[in-house]
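Work through the exercises below with the sequence and the model side by side. Try each task before reading its solution.

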Amino acid sequence: MSTGPGLESLVNQTISIITNDGRIIVGTLRGFDQATNIILDESHERVYSTREGVQQLALGLYIIRGDNMYVWLLRSVVGELDEELDLVNDLSKIKAHPLKPVIH
């Protein structure tokens with residue numbers, strides 16, 4: 001599988017990833033391989049709820065296996081995060097349903 005030029009341009013940038021089980025992980029992309037395994041640094045998971053604001057669970061250095069991501073939609077699921085815009089959002093006031101896992 002080719003990862004294309006997209007991921008190379010995101011190394012050392014803050015990105016957001018949606019996994020097959022519906023988790024949203026945000027962190028700094030430190031590296032990846034031909035199987036699209038991804039290494040994130042300073043990462044956290046954002047947990048959405050309809051009752052509470054978004055909770056952020058610290059993960060630190062984190063590896064996501066390539067087969068745990070929507071690799072067929074890689075461009076729309078792994079993307080650079082606009083840090084300035086992200087800082088403006090008050091995540092404690094955002095309420096939403098969590099994403100559902102992918103059913104194959």
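**Exercise 1. Find the distance between the closest N and O atoms of Arg23 and Glu45, and decide what kind of pair they form.**

Solution. Step 1: the closest N and O atoms of Arg23 and Glu45 are 3.4 Å apart. Step 2: apply the criterion, in which a salt bridge is a side-chain nitrogen of Lys or Arg within 4 Å of a carboxyl oxygen of Asp or Glu. Arg23 and Glu45 form a salt bridge. Step 3: locate the partners. Arg23 is in the loop between strand 1 and strand 2, while Glu45 is in strand 3, so the pair links distant parts of the chain, 22 residues apart. Helices (H or I, at least four residues) and strands (E, at least two) are DSSP runs, numbered from the N terminus. Step 4: classify the exposure. Buried means under 20% relative accessible area, exposed over 50%, and partly exposed in between (1.4 Å probe, protein chains only). Arg23 has 23% and is therefore partly exposed, whereas Glu45 has 13% and is therefore buried.

Before going on, note the ground rules. The model is predicted: local features need pLDDT of at least 70, side-chain atom pairs count only at pLDDT 80 or more, and totals for chains, interfaces and linings use all residues. Residues are numbered from 1 along each chain as its sequence is written, and side-chain values use heavy atoms, with hydrogens and water left out.

**Exercise 2. State how many salt bridges a search of the whole structure finds, and describe the pairs Arg65 with Asp67 and Lys93 with Asp90.**

Solution. Step 1: the search finds five salt bridges. Step 2: in the pair of Arg65 and Asp67, the closest N and O atoms are 2.6 Å apart. Arg65 is exposed at 53% relative accessibility, and Asp67 is exposed at 53%. Step 3: in the pair of Lys93 and Asp90, the closest N and O atoms are 3.9 Å apart. Lys93 is exposed at 65%, and Asp90 is partly exposed at 38%.

**Exercise 3. Which residues does Arg65 touch, not counting residues up to four places away in sequence?**

Solution. Arg65 is in the loop between strand 4 and helix 2 (74-77). Step 2: list its contacts, where contact means heavy atoms within 4.5 Å. Arg65 touches Thr36 and Asn37. The C-alpha atoms of Arg65 and Asn37 are separated by 4.5 Å, although the two residues are 28 apart along the chain. Step 4: look at Thr36, which is found in the loop between strand 2 (24-32) and strand 3 (38-47). Thr36 is buried, with a relative accessible area of 0%. Its phi is positive, about 65°, although Thr36 is not a glycine.

**Exercise 4. Is Val26 buried or exposed, and with which residues is it in contact beyond its neighbours within four places in sequence?**

Solution. Step 1: Val26 lies in strand 2. Step 2: its relative accessible area is 2%, so Val26 is buried. Step 3: beyond those neighbours, Val26 is in contact with Thr14, Ile15, Ser16, Glu42, Ser43, His44, Arg46 and Leu81. Step 4: for Ser43, 17 residues away along the chain, the C-alpha atom is separated from that of Val26 by 5.4 Å.

**Exercise 5. Which residues make the nonpolar surface patch of about 310 Å²?**

Solution. Step 1: recall the rule. Patches are made of residues with over 30% relative accessible area and no salt bridge; like charges are joined within 9 Å, and nonpolar side chains (Val, Leu, Ile, Met, Phe, Trp, Tyr) within 5 Å. Accessible areas come from the Shrake-Rupley method with a 1.4 Å probe; for residues, only the protein chains shown count as cover. Step 2: the patch is made by Ile39, Leu61 and Ile63. Step 3: Ile63 is found in strand 4 (residues 55-64) and is exposed at 60% relative accessibility.

**Exercise 6. Describe the secondary structure of the protein and the order of its elements.**

Solution. Step 1: the protein has three helices and five strands. Step 2: from the N terminus on, the elements run α-β-β-β-β-α-β-α. Step 3: of the 104 residues, 35% are buried.
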